[in-house]
Amino acid sequence: MKKIYFTPGPSELYFTVEEHIKSALRQGFPSISHRSKAYESVHKSCVDGLKEMFNLSDDYHVFFCSSATEIWERIAQNLIEKESCHFVNGAFSGKFKKIVENYGIHAFEEKVELGTTVDVDKVLIPESAELISLTYNETSTGASYTSSDLIKIREGFPDQLVSLDVVSVAPSIEIDFSLVDTFYFSVQKCFGLPAGLGVWFVNNRCVKKAEQLIGKNKVIGSYHCIPELLSKANNNQTPATPNMLGIYLLDKVVQDMIKKGLKQIRQETNYKSALLNHTVENASFLSHFVPNEVNRSKTTLVVNSNVTSSVIIESLAKKGLVIGTGYGELKNQQIRIANFPTHSKEQIELLSDQILSLNI
Ligand SMILES: *Cc1c(COP(=O)(O)O)cnc(C)c1O
């Protein structure tokens, strides 16, 4: 039986990926030099596609790293000298803060209960914080910020660098990236690609900050520091031999998504999300974890279960439908369901029907 993965990442591959892998292999793409014109043209196409997809001005640069986790460390090295402020509302936002602390930086935290988001109208951020970090969609809890939160943060803190984790949300939700200075994702969530590629976006304020830190004799890393990444990116290359197959596939999937239309993808995301929410409200054994409706994630739904989550997970697995457990300590009390661009309306309808017909 063919399984369908609704896990929050890795997840089901985007439906065109298998064909693209075959064509990459047929062309021998993984064997060519990463310093060749043929590689450079794929790199450029991928970067141009991402800039088009996210509506970015020339003020932004695109770098390829190995994961979002790597990018956390690069931000700690390149963009913060002494102090940062982290909105912590779950495991991923918390991990970033820990990495920053490992660098001896004073990482101030605005911590709120799991399932909620920091109230940006009330938040107090020290003026001395050089960077403010938000996780748009906290995958561990299913709590999501809104576009109006981003607008308020930008207006309230024009002098700070604003960093946005969009790992489990881009490109499914429209985000105005001109409101932030740096953002990043890894490809195994909404893009439906094999893991092992993190994409980092920085604007020229970030480039300047990294240069200032060098001027103060701070060590900002070596091969993957911003100046080195930028000098190679200007030639459509990378400092090390990159995940070439990953970049090739990302380029293809970005083209596929642009051709389908981001508007269409986002409308479908809304429709499927409404269907999943309706399912939760109609299943006697499920209830929403995120209390505030506007903060409920559209891409990674997290819900409470009044039976051990493995009962639900195993019953669905028998039908080939693979959903996620709760995260960390909530593993047995919750389920998590991804609603990514590769998940069709029909697949989400099938999942909903199967959940509602479970005999629990
Ligand atoms: C998955 C995830 C990450 C980590 O991604 P890696 O590719 O494992 O480094 C970071 N932030 C969020 C919100 C995530 O969902």
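Select helix H3, residues 68-79, in this predicted model. Helix H3 contributes 3 residues to the shell around the ligand, the most of any element.

Next, show the whole shell. The ligand has 14 residues around it, and those that come nearest are Thr-69, Thr-139, Asp-165, Ser-186 and Lys-189. Colour the shell by class: 8 residues are polar, 4 are nonpolar and 2 are charged.

Start at Thr-69, where an N or O atom of the side chain is 2.6 Å from an oxygen atom of the ligand. At Ala-68 the backbone takes part instead, with an N or O atom 3.2 Å from a ligand oxygen. Then pick Gln-188: a polar atom of its side chain lies 3.0 Å from an oxygen atom of the ligand. Switch to a surface view; on its own the ligand has 390 Å² of accessible area, and the protein covers 87% of it.

Keep Gln-188 selected and move to Ser-11, one of whose contacts is Gln-188. Ser-11 sits in the loop that runs between strand S1 (4-5) and helix H1 (17-26). Is Ser-11 buried or exposed? Its relative accessibility is 12%, so Ser-11 counts as buried, the cut-off being under 20%.

Leaving aside residues up to four places away in sequence, Ser-11 touches Tyr-5, Phe-6, Gln-188, Ala-338, Phe-340 and His-343.

Note on methods: Residues numbered from 1 in each chain as written. Predicted model: local features only at pLDDT ≥ 70, side-chain atom pairs only at ≥ 80, totals over all residues. Heavy atoms only, no water. Helix = DSSP H or I, 4+ residues; strand = E, 2+ residues; numbered from the N terminus. Buried < 20%, exposed > 50% of the residue type's maximum accessible area, 1.4 Å probe, protein only. Contact = heavy atoms within 4.5 Å. Near = heavy atom within 4 Å. Polar contact = N/O pair within 3.5 Å; in protein donor to acceptor, adjacent residues only side chain to side chain. Areas by Shrake-Rupley, 256 points an atom, 1.4 Å probe, with all protein chains shown as cover. Nonpolar A, V, L, I, M, F, W, Y, C, P; charged D, E, K, R; others polar.
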